[in-house]
Amino acid sequence: MNIKISMTDSEILLNELYNGDEKVITCQRNGYKKLSAEFEQKFKTTPSNYFSSPGRTEISGNHTDHNHGMVIAASINLDSIAAASVNDSNEVILFSEGYKEPFKVNLNNLNPVEFEAGTTNALIRGIASRFMEKGFSAGGFNACITSDVIKGSGLSSSASIEVLIGTIFNHLYNDGRIPASEIAKIGLYSENVFFKKPCGLMDQMACAVGGIVSIDFNDLENPVIEKINYEFAQENYSMVIVHTGGSHISLTNDYAAIPTEMREVAAAFNKMNCNEISYEEFLSGVKTLRNKVSDRAILRAYHFYKENERVKKQVTALRSNDFKKFLTLANESGNSSFKYLQNIYSSNDPMFQPVSVALAFTEDFINKIGEGACRIHGGGFEGTIQVFLNNKFVNEFINYISDISDSFKVLNLNIRKVGTTKVILD
């Protein structure tokens, strides 16, 4: 079975989509075969379309996107895939691996349903609703999906699924003409308004666009997206993710507090977001701010300003091949997240700190070998850390960190050059 990726102007072979890794390609090919067989078993017919949407890694810009800041992000070689066909109803019927019953959404109602908040049904309904609001088409389909983007891992399993669902609607009802960036914005809308989780646009955009990108969210409706043609392999380095075993699922309130508190600072200046206020204005107003907002809100805003500038410096470092500077700034990002953003563990459960433990011993390892960087990855509180290591130390590190805790799982990730896409099976 040969698989090609259908894009606007080109076709990309399967081995390019999955970075030429024969083991991964074999696994993915088997995954599509299994998904097709499941679809036939569930719906008694062969699926007419296949889709893939990657997970993402945040390389720089921890919690800057929701206040209209800048980030560096990339799609990764873990993805969510779907087999799908148009059906004769106005209902989406979606079977997801790990769930006994299908998700069913009647598209005759495209308003938020209160009891659906936090569910896949809410995401489907919200995406369909936004498609229609924007003048696009949406309708019923049957689908089976599966994903190797680990839930609660900080690799954006939810955004990957959102973008995947949007891509299905795009190709089944809109001839694939809707740009990936628009699919990302639709996914964000659904997560914010229907799923009821406040978050920024970075996750969806990175999953949708593909490759390493810098994104400036100053104008949220028209973010500036620029490709960064850089490969860590050219420095003989790997990007390693340590999943600490925690889950993001019960941490919505912790996440929501970060943009809320940053916006409280902005509101004190009669603005909506921190990006509307210069650092100099913020600095001159700190004394007054302490009578209006919490100290944590001030610290989180401080992180925003410093992290936003760090992103710009890291973009410059990558484009000028100054990898040593990039690593220095990555370590600074991790330090700022721990001390000022304070998203390393939940204040509701300070006795449980798997991310802190992972960071402490990873930092010790890096100090001993004399090179590398580590930082919190993604939303934080639980989930993952990101580690940049010279390839010659990767296996040693995997053994080392795995001995710290049985719950620590290590992923050596590659950057995927292709974002969300329709997959053609020959």
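**Close-up views of a predicted model**

At 71% relative accessibility, Asp175 counts as exposed (over 50% relative accessible area; buried is under 20% and partly exposed in between, with a 1.4 Å probe and protein chains only). The model is predicted, with local features needing pLDDT of at least 70 and side-chain atom pairs pLDDT 80 or more, while totals for chains, interfaces and linings use all residues. Residues are numbered from 1 along each chain as its sequence is written, and side-chain values use heavy atoms, leaving out hydrogens and water.

**View A. Asp175 in a loop between two helices.** The loop holding Asp175 runs between helix H4 (157-174) and helix H5 (180-194). Helices (H or I, at least four residues) and strands (E, at least two) are DSSP runs, numbered from the N terminus. Asp175 is not a glycine, yet its phi is positive, about 55°. Most residues other than glycine have a negative phi.

**View B. Asn321 in the loop between helix H10 (295-319) and helix H11 (323-341).** Asn321 also has a positive phi, near 60°, in a residue other than glycine. Its relative accessible area of 48% makes Asn321 partly exposed.

**View C. Glu261 in helix H7 (residues 252-268).** Glu261 is buried, at 9% relative accessibility. Leaving aside neighbours within four places in sequence, Glu261 is in contact (heavy atoms within 4.5 Å) with Ser294, Arg296, Ala297 and Arg300.

View D. The whole structure contains 0 disulfides by the search criterion, a pair of cysteine sulfur atoms within 2.5 Å. Cys144 is buried, with a relative accessible area of 0%. Cys207 likewise counts as buried, at 0% relative accessibility.

**View E. The second largest pocket, with a volume of about 460 Å³.** On a 1 Å grid over the protein atoms alone, a pocket is an open set of points where a 1.4 Å probe fits, with protein on both sides within 12 Å along at least five of seven lines. Points are joined across faces, edges and corners, and the volume is the space filled by probe spheres set on them. The lining (residues with an atom within 4 Å of a point) comprises 19 residues, with Tyr230, Glu231, Phe232, Asn414 and Ile415 nearest the centre. Strand S10 (237-243) and strand S13 (409-413) each supply at least two lining residues, and S10 gives the largest share, 3 residues.
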